[in-house]
Amino acid sequence: MKEVAVVIGSGSIGLAIARRIGAGRTVLLADRSDEAATTAAGLLRGEGYDVTTRVTDVSDHDAVEALADAAAALGPVAQVVHTAGVSPTQAPVERILRVDLLGTALVLDAFARVVAPGGAGLVIASMAGHRESPYAPEIEEALATTETSGLLALPFLQPDRIGSTVHAYALSKRANSLRVLTAAAAWGKRGARLNAVSPGVIITPLAQDELSGPRRAWFDRVREVSAAGRFGTPDEVAEAAAFLLGRQAGFVTGADLLMDGGVTAALRTGELTVP
């Protein structure tokens with residue numbers, strides 16, 4: 001029985017990572033959209049990958065648990081990559097919290113049950129999680145350790161307290177990094193590792209929505225002042241993902257790799273300000 005690589009989210013980054021980790025494995029590609037998953041699976045099959053798909057809404061506890069069980073039924077779950085999410089321009093505050101924050105916590109819980117010994121997981125977070133952090137210690141502690149079922153009941157996560165979708169996104173992505181840190185302990189009990197990558201602006205359809213949205217001028221400034229002087233590509237994220245998922249990173253777990261081309265550095269030095 002072949003090893004299984006689970007990729008949640010069939011967008012550009014998910015596809016790029018699937019190509020790096022999927023050879024010789026069964027790729028289970030999950031997405032909320034059956035059409036998106038089917039299209040992505042067709043591309044991968046045309047390149048020689050063994051792919052199966054499953055429609056999954058990551059904000060639905062039962063659906064995520066069923067996805068984990070389906071993965072385990074296919075074979076040893078060697079690698080799990082969670083890329084699904086929505087951006088500040090694409091969704092209201094409530095949806096961002098349910099998908100980006102709660103959805104990630106549900107995935108980490110479910111796959112902690114089934115990941116194979118020697119396996120590895122990866123969450124695609126965001127540089128946005130570093131933009132406003134660190135939050136007050138009590139907020140960071142709550143984001144890191146609150147039982148998943150109670151996350152969205154936290155007072156500071158109520159939509160009327162959050163205000164903007166930009167802030168909701170930043171809070172969610174900070175929560176991703178903190179949940180990875182604490183969930184790495186549970187994954188470790190199965191002999192598996194868990195890490196995160198926090199990309200900056202990576203040119204994907206999601207990013208294009210942001211770049212053409214109301215914060216377009218700010219993103220132009222980001223490109224101008226960041227050390228890299230450009231935006232990133234899905235293949236660059238896949239390179240980082242392959243390292244963290246691979247044997248070379250066997251002593252790395254609970255970590256969050258910031259790869260934003262220097263945007264956070266520019267924010268810390270004052271060359272760039274938050275809009």
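Me: Why is the crossing of α3 and α4 called right-handed?
Reply: A crossing is right-handed if the near helix is turned clockwise from the far one by less than a right angle, and left-handed if it is turned anticlockwise. The crossing of α3 and α4 is of the right-handed kind. The model is a predicted one, in which local features need pLDDT of at least 70 and side-chain atom pairs count only at pLDDT 80 or more, while totals for chains, interfaces and linings use all residues. Residues are numbered from 1 along each chain as its sequence is written, and side-chain values use heavy atoms, with hydrogens and water left out.

Me: What numbers describe the crossing of helix α3 and helix α4?
Reply: Two packed helices are described by the angle between their axes and the distance between the axes. The axes of α3 (residues 61-74) and α4 (residues 93-112) cross at roughly 35° and come within 9 Å. Axes are lines fitted to C-alpha atoms, for helices over the stretch in contact, with angles from 0 to 180 degrees between N-to-C directions. Helices are DSSP runs of H or I with at least four residues, strands are runs of E with at least two, and both are numbered from the N terminus.

Me: Which residues of α3 and α4 make the contact?
Reply: On α3 they are His-61, Val-64, Glu-65, Leu-67, Ala-68 and Ala-71, and on α4 they are Leu-106, Val-107, Ala-110 and Phe-111. Contact means heavy atoms within 4.5 Å.

Me: How do the residues in the contact of α3 with α4 divide by class?
Reply: There are eight nonpolar, one polar and one charged. Ala, Val, Leu, Ile, Met, Phe, Trp, Tyr, Cys and Pro count as nonpolar, Asp, Glu, Lys and Arg as charged, and the others, Gly among them, as polar.

Me: What makes Leu-122 count as buried?
Reply: Buried means under 20% relative accessible area, exposed over 50%, and partly exposed in between (1.4 Å probe, protein chains only). Leu-122 has 2%, so it is buried. This residue is in strand β5. Leaving aside neighbours within four places in sequence, its contacts include Val-80, Leu-194 and Ala-241.

Me: Why is Glu-94 called partly exposed?
Reply: Its relative accessible area is 45%, so Glu-94 falls in the partly exposed range. Glu-94 is in helix α4. Its C-alpha is 10 Å from that of Asp-160, which is 66 residues away in sequence.

Me: Is Ser-177 buried or exposed?
Reply: Ser-177 has a relative accessible area of 7%, so it is buried. Ser-177 is in helix α8. Apart from neighbours within four places in sequence, Ser-177 is in contact with Ala-125, Ser-198 and Asp-256.

Me: How do you know that the span of α2 is close to the expected one?
Reply: The expected span is 1.5 Å times one less than the number of residues. Helix α2 (residues 34-46) has 13 residues, giving an expected 18 Å, and it reaches 18 Å from its first C-alpha to its last.

Me: Why are the buried residues of α2 said to line one face?
Reply: Ala-37, Ala-40, Ala-41 and Leu-44 are the buried residues in α2. Seen down the axis of α2, they fall within an arc of 105°, so they line one face of the helix. The arc is that of the directions from the helix axis to the C-beta atoms. The buried residues pack against α1 (12-21), β2 (26-31) and β3 (50-55). The face turned away from them carries the exposed residues Glu-35 and Gly-46.
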